[in-house]
Amino acid sequence: MNGSLVIVGTGPGKPELMTPATRAALAEATDLVGYGPYLDRLPSMPGQCRHASDNRVELDRARHALALAAAGRKVAVVSGGDPGVFAMAAAVFEAVESGDPAWGSLDIRVEPGVTAMLAAAAEVGAPLGGDFCAISLSDNLKSWATIERRLRAAAEADFVIALYNPASKARPHQLGEAFTLLRTVKDGTTPVLFVRAAGSADSKVVATTLAAADASVADMRTLVIIGASTTRRVGRWVYTPRGAKP
Ligand code: SAH
């Protein structure tokens with residue numbers, strides 16, 4: 001029997017935002033590998049093995065999944081949101097690159113999912129309607145100097161900026177530092193949106209400006225969107241026009 005590995009994302013929270021292709025891949029798997037709380041959200045299937053792990057051991061988790069697939073299991077690796085956005089799909093390919101050469105010929109596939117940025121944007125209108133970029137504020141895998149360089153470049157190029165991983169208990173000060181940096185380039189009136197638990201039943205939006213933005217509003221389940229110079233309010237919505245001209 002040939003094993004296989006599919007890397008899926010469960011979407012931002014609501015079951016309706018998980019794709020049918022992901023649901024089918026989960027139903028076919030003999031083994032699920034992922035962060036415990038993501039696995040707990042999934043209905044249990046008879047005979048299916050679950051391998052829950054801590055959130056910070058992604059490369060070990062990826063190697064474990066590859067070893068199971070190489071042993072003939074049908075493995076699904078589970079991320080939240082989209083599996084390719086700051087998540088397990090890249091970890092799996094890092095493990096393939098540095099691991100057993102036989103892993104390179106395994107049947108590996110990625111299913112797309114609704115990433116937090118898209119769910120958060122939909123909660124408030126269309127803030128990603130013009131050119132935008134996504135930056136993770138986590139400095140677990142890259143230096144803070146690199147993050148600052150990218151924030152500055154994105155601000156100078158007038159992108160809408162979506163910030164993933166804006167804060168955690170281990171990194172309480174970085175979002176405040178990011179706002180301080182962005183204020184040196186962008187106007188204080190720029191819209192800033194904090195969207196917590198986007199695309200779930202308990203989503204919450206705080207809409208403010210860059211001048212007034214309070215970093216303590218964000219936690220690990222928050223996506224922060226910082227507008228471009230054209231991003232504006234219309235009624236109770238926030239949107240970015242499609243063209244560069246205001
Ligand atoms: N693969 C995930 C992102 C993982 S990084 C995806 O595609 O969505 C983890 C970060 O994603 C969190 O710190 C938070 O910034 C963001 N995030 C994940 N789910 C979220 C949600 N439902 N609402 C708002 N932000 C979310």
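Two strands are said to pair if DSSP finds at least two bridges between them. Strands (E, at least two residues) and helices (H or I, at least four residues) are themselves DSSP runs, numbered from the N terminus. The model is predicted, so local features need pLDDT of at least 70 and side-chain atom pairs count only at pLDDT 80 or more, while totals for chains, interfaces and linings use all residues. Residues are numbered from 1 along each chain as its sequence is written, and side-chain values use heavy atoms, with hydrogens and water left out.

In these terms, 5 strands form an open sheet with parallel pairing, in the order β3-β2-β4-β1-β5. Its edge strands are β3 (49-53) and β5 (107-110), each of which pairs on one side only. On average, neighbouring strands of this sheet are turned by 15 degrees against each other, direction ignored; axes are lines fitted to C-alpha atoms, for helices over the stretch in contact, and angles run from 0 to 180 degrees between N-to-C directions. The parallel pairing of β2 (residues 31-35) with β3 extends over 5 bridges, and Leu32 has Arg50 in β3 as its bridge partner.

Helix α1 (residues 20-28) packs on the sheet, where it touches β1 (4-9), β2, β4 (74-79) and β5, and its direction makes about 140 degrees with that of β1. Contact here means heavy atoms within 4.5 Å. Helix α3 (residues 58-70) also packs on the sheet, touching β1, β2, β3, β4 and β5, with its direction at about 175 degrees to that of β2.

Which residues of α1 are buried? They are Thr22, Ala25 and Leu26, where buried means under 20% relative accessible area (1.4 Å probe, protein chains only). Because these residues cover an arc of only 100 degrees around the axis, they lie on the same side of α1; the arc is that of the directions from the helix axis to the C-beta atoms. Their cover includes β1, β2, β4 and β5.

Strand β11 (residues 222-226) is mostly covered, with 5 of its 5 residues buried. Thr222, Val224 and Ile226 point one way from β11, and Leu223 and Ile225 the other way. In a regular strand the side chains alternate between the two faces of the sheet. Strand β8 (residues 160-164) pairs with β11 in the antiparallel sense over 3 bridges, and Ile161 stands opposite Ile226. Strand β9 (residues 191-196) also runs antiparallel to β11, joined by 5 bridges, and Phe194 has Val224 as its bridge partner.

Note on methods
Buried < 20%, exposed > 50% of the residue type's maximum accessible area, 1.4 Å probe, protein only.
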